[in-house]
Amino acid sequence: QHTSPAQTEFYQAVEDVLDSLAPILEDDKRYQQHAIIERLVEPERQIMFRVPWLDDRGQIQVNKGYRIEFNSALGPYKGGLRFHPSVNASIIKFLGFEQIFKNALTGLAIGGGKGGANFDPKGKSDQEIMRFCQSFMTELYRHIGPNTDVPAGDIGVGTREIGYLFGQYKRIVNRFDGVLTGKSMLWGGSEARKQATGFGCVYFAQNMLEDRDQSIKGKTCLVSGSGNVAIYTMEKLYELGAKPVACSDSNGTIYHSQGIDLDLIKDLKERRHERLKVYLETHTDAEYTPREDYPEDGHSIWRYQADLAFPCATQNELTERDAQCLLENGCSAIAEGANMPSTQAAVDLFVEAGVAYGPGKAANAGGVATSQLEMAQNAGMRHWSFAEVDQRLQEIMRHIYCTSRDTAARYGSERNLVLGANIAGFKRVADAMIEQGLV
Ligand code: NDP
């Protein structure tokens, strides 16, 4: 029942989960007796706040800040902060809701939350980013803590922003504690956290393919986005002998048949904060499609022929028609690095077609899992090696895959990882909620 002002993305995320739960609700009446669904869809706490800051011209700017603490049955609230002009209550709620199940699936002790602001980092100076982050933290600090709520990065929030946020937190509370993850390696960050979501997504795809007697090696891949998740998805694909031939940003898509030049992408995106179009200055043989020229019913990147697809940019970036084109062109596996990148109709097509389809809440959980490893290292005053963290990440992705597959098999269909991931995540949270009583 939709009773609040339209929160389209939130309803979409809730419907996706509810559609999967019929078999388990039928199987175990306790969940209805304890009103688990009614309690799950209502966040434990929602914080909305004003973020005033001064731009470089000395003018006052005001943005809306959010932190939604959705569910703490399994541990401290955990989930990223997103800085993007499209951020609103619906976006943060959908992300926070997804996060509950994703975090449960990792098997680790983390609850679900999400936050952010409708702030656009594009075109802002370093000083403006810093002032914004300081203002944002001046309200946020009172709600978070290493055992309460531990935010991380997401779209528009990387190591630089986490640094400014942490500096302000420490200044206010006068404590150096592990209240944020995705920190710099100089002062408490974990090895492999930067790579974790992308690497984890490829490990997930590897698990799906192995079960179908296929491998990543030699495969041609489409990877949307060109941010943190997309970059490290492409890096791992190259390492495993695959070839990413296309990537994108919010202005357009690059197709490069000989393989995307990843060093150039890192330079453009991680260091120079440039638009993707600049890629053409170095590679005149690549093809660039500006957003204005995308097909009306979808996105150019999914119209190229490839064996594997990795949506790694944003929500609803892969439409029903895009899904149809991927399938017609012989794409045999889709692993979602982004959160809810495929529309509901696209998901239905993948599931019906029986291709290997790894939904975001399973396939991109490597990021949050490694954030939990960062928390564990901070709490134990330890620093693990890259190889050690990467090894744990691989084990966690295997665990998530096997749990989703086996749960799907138990409740109807081994191939339907949407069903398996939703039911497995739900069961762990719901059982913990029942044990903790009516709160
Ligand atoms: P980044 O900000 O590093 O990169 C985001 C990329 O997506 C950029 O290329 C950006 O292009 C593009 N993009 C963002 N919004 C839009 C839009 N509305 N339309 C088209 N393209 C867009 O973010 P991340 O790589 O960290 O995040 C990407 C996705 O992965 C998100 O869905 C996020 O929630 C999810 N995720 C991230 C995790 C992490 O550890 N970082 C963990 C789990 C999931 P442009 O630069 O032009 O804006």
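What follows is a chat about a predicted model of a protein chain with a ligand.

Visitor: Okay. How many helices and strands does the protein chain have?

Guide: The protein chain has 16 helices and 12 strands.

Visitor: What percentage of the residues is buried?

Guide: 52% of the 439 residues. As for contacts between residues at least 6 apart in sequence, 73% of them join residues at least 24 apart.

Visitor: Which domains does the assignment give?

Guide: Domain 1 covers 43–188 and domain 2 covers 194–363. Their centres, taken over C-alpha atoms, are 27 Å apart.

Visitor: How many residues are in contact across the two domains?

Guide: 8 residues of domain 1 are in contact with 7 of domain 2. On the domain 1 side, the residues that touch domain 2 split into 5 nonpolar, 1 polar and 2 charged.

Visitor: Which helix gives the largest share of the shell around the ligand?

Guide: Helix H8, residues 228–239, with 3 residues. By domain, the shell draws at least three residues from each of domain 1 and domain 2.

Visitor: Switching to annotations: which residues does UniProt list under "binding site"?

Guide: The unreviewed UniProt entry lists Lys 78, Gln 99, Lys 102, Gly 153 and Ser 371.

Visitor: Take Lys 78. Where does it lie, and is it buried or exposed?

Guide: Lys 78 lies in strand S3, residues 77–83. Lys 78 counts as buried because it has 28 C-beta neighbours inside 10 Å, and the cut-off for buried is 20 or more.

Visitor: What is Lys 78 in contact with, leaving aside its neighbours within four places in sequence?

Guide: Among its contacts are Asn 103, Ile 110, Val 150, Val 368 and Gln 372. Gly 111, Gly 112 and Gly 113 are in there too, and so is Ser 371, which is itself in the UniProt "binding site" list.

Visitor: And Gln 99, where is that found?

Guide: In helix H4, residues 89–105. Gln 99 is buried, with 27 other C-beta atoms within 10 Å. Beyond four places in sequence, Gln 99 is in contact with Phe 70, Gly 79, Gly 112, Gly 113 and Lys 114.

Visitor: Which residue does the "active site" annotation cover?

Guide: Lys 114, again from an unreviewed UniProt entry. Lys 114 is found in strand S4, residues 111–117.

Visitor: Is Lys 114 buried or exposed?

Guide: Buried, because 30 other C-beta atoms sit within 10 Å of Lys 114. Its contacts, leaving out residues within four places in sequence, are Ile 68, Gly 79, Gly 80, Ile 92, Leu 95, Gly 96 and Gln 99.

Visitor: Where is Asp 213 found, and is it buried or exposed?

Guide: Asp 213 is in the loop between helix H7 (193–210) and strand S6 (220–223). With 6 other C-beta atoms within 10 Å, Asp 213 is exposed.

Visitor: What about the phi of His 273?

Guide: Near 45°, also a positive value. His 273 is in the loop between helix H9 (262–271) and helix H10 (279–282), and with 13 other C-beta atoms within 10 Å it is partly exposed.

Visitor: Last one: how far apart are Ile 36 and Asp 431, in sequence and in space?

Guide: 395 residues apart in sequence and 9.3 Å apart C-alpha to C-alpha. Ile 36 is found in helix H3, residues 36–40, and touches Tyr 31, Ala 430 and Met 433, not counting residues up to four places away in sequence.

Definitions and conventions: Residues numbered from 1 in each chain as written. Predicted model: local features only at pLDDT ≥ 70, side-chain atom pairs only at ≥ 80, totals over all residues. UniProt positions renumbered as here; feature names shortened; annotations may be inferred. Helix = DSSP H or I, 4+ residues; strand = E, 2+ residues; numbered from the N terminus. Buried ≥ 20, exposed ≤ 12 C-beta atoms within 10 Å, placed from the backbone. Near = placed C-beta within 6 Å. Domains from an automatic or database assignment. Nonpolar A, V, L, I, M, F, W, Y, C, P; charged D, E, K, R; others polar.
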